[in-house]
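Me: I am new to this structure and would like to understand the words used to describe it. Could we go through them one by one, setting each value against its definition?

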Amino acid sequence: MSKADLRTLQVLLVGGRPASVQVLRTAFGLLGITQVTAIGDTARAIEALRCQAFQAIFCDAAAEPYKSLSFPAAARQAHGVLNPMAPIFVIYHSARQRQVEQARDVGVTDVLTHPVSAATIARKLEAAIVHPRAFIAAP
C-alpha cells in the first residue's frame, strides 16, 4: 500500500477539553475525515471499542485511567476490543522523554504535542496505516 485514503477512516477521539476536541475535529475535517466519534469518558470509550472497529484512536494524555490502566493500555488489553492493534496516538500539551517512553511501552503508536496541525495528523496517520509497527503481546 503506497498511500492511504484517510477520508474513509473511522476515528475515536478520547478525553480532552472541549476546545482541544474541537481543534482536532477541525483538523480531521480539513483532511476529509468525517467519521469521528468523540467520547470523554474512558469506560464508554472502551465499550465503543468493543462495538466498533475504529481504524485510529486519538487520546488526550490527561484522560482518566480505566480500571487502573492508562487508556492506551486498556485499549490494547481489554477483553472484547474489536481492533486491539489500531494505531493509538496520545496528545500531550508538552511531553518529556520519559512520558514518551512510557507511552511507547504500553502500546502507543505515536505521540503528538499541541499545537497539532492537520498536516502533522495526516503524516502520522499515513505512516501508521501504510507502514504499521509490529507489536509484541507480552504480560
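This is a predicted model: local features need pLDDT of at least 70, side-chain atom pairs count only at pLDDT 80 or more; totals for chains, interfaces and linings use all residues.

Me: What makes D110 and K124 a salt bridge?

Reply: A salt bridge is a side-chain nitrogen of Lys or Arg within 4 Å of a carboxyl oxygen of Asp or Glu. The closest N and O atoms of D110 and K124 are 3.2 Å apart, so the pair meets that definition. The pair links distant parts of the chain, with D110 in strand β5 (residues 110–113) and K124 in helix α5, 14 residues apart. Helices (H or I, at least four residues) and strands (E, at least two) are DSSP runs, numbered from the N terminus.

Me: Why is D110 called partly exposed?

Reply: Buried means under 20% relative accessible area, exposed means over 50%, and partly exposed lies in between, with a 1.4 Å probe and protein chains only. D110 has a relative accessible area of 21%, and therefore counts as partly exposed.

Me: How many salt bridges does the structure hold, and which side chain meets R98 in one of them?

Reply: The structure holds five salt bridges. One of them joins the side chains of E101 and R98, at 3.5 Å from N to O; both residues lie in helix α4 (residues 97–105), three residues apart, about one turn of the helix. Another joins R104 and D105 at 2.9 Å, N to O, and both of these residues are exposed.

Me: How do you know that D60 has no salt bridge?

Reply: Lys and Arg count as positive and Asp and Glu as negative, while His and the chain ends are not counted. The nearest side chain of opposite charge to D60 is R17, 5.8 Å away, which is not within the cut-off, so D60 is buried without a salt bridge. D60 lies in strand β3 (residues 56–60), and a polar atom of its side chain lies 2.7 Å from the backbone nitrogen of A62.

Me: What makes a space a cavity rather than a pocket?

Reply: On a 1 Å grid over the protein atoms alone, a cavity is a set of points where a 1.4 Å probe fits but cannot get out, whereas a pocket is an open set with protein on both sides within 12 Å along at least five of seven lines; lining residues have an atom within 4 Å of a point. The structure holds one cavity of 30 Å³ or more. About 50 Å³ of space lies in the largest cavity, and D60 is among its lining residues, as are C59 and H114. Helix α1 gives the most to this lining, with three residues.

Me: Which residues lie nearest the centre of the largest pocket?

Reply: They are T109, A128, P132, R133 and F135, out of 19 lining residues. The largest pocket has a volume of about 350 Å³, and helix α5 (residues 118–130) supplies the largest share of its lining, four residues.

Definitions and conventions. Residues are numbered from 1 along each chain as its sequence is written. Side-chain values use heavy atoms; hydrogens and water are left out. Grid points are joined across faces, edges and corners, and a volume is the space filled by probe spheres set on the points. A polar contact is a pair of N or O atoms within 3.5 Å; within protein, one must be able to donate a hydrogen and the other to accept it, and residues adjacent in sequence count only if both atoms are side-chain atoms.
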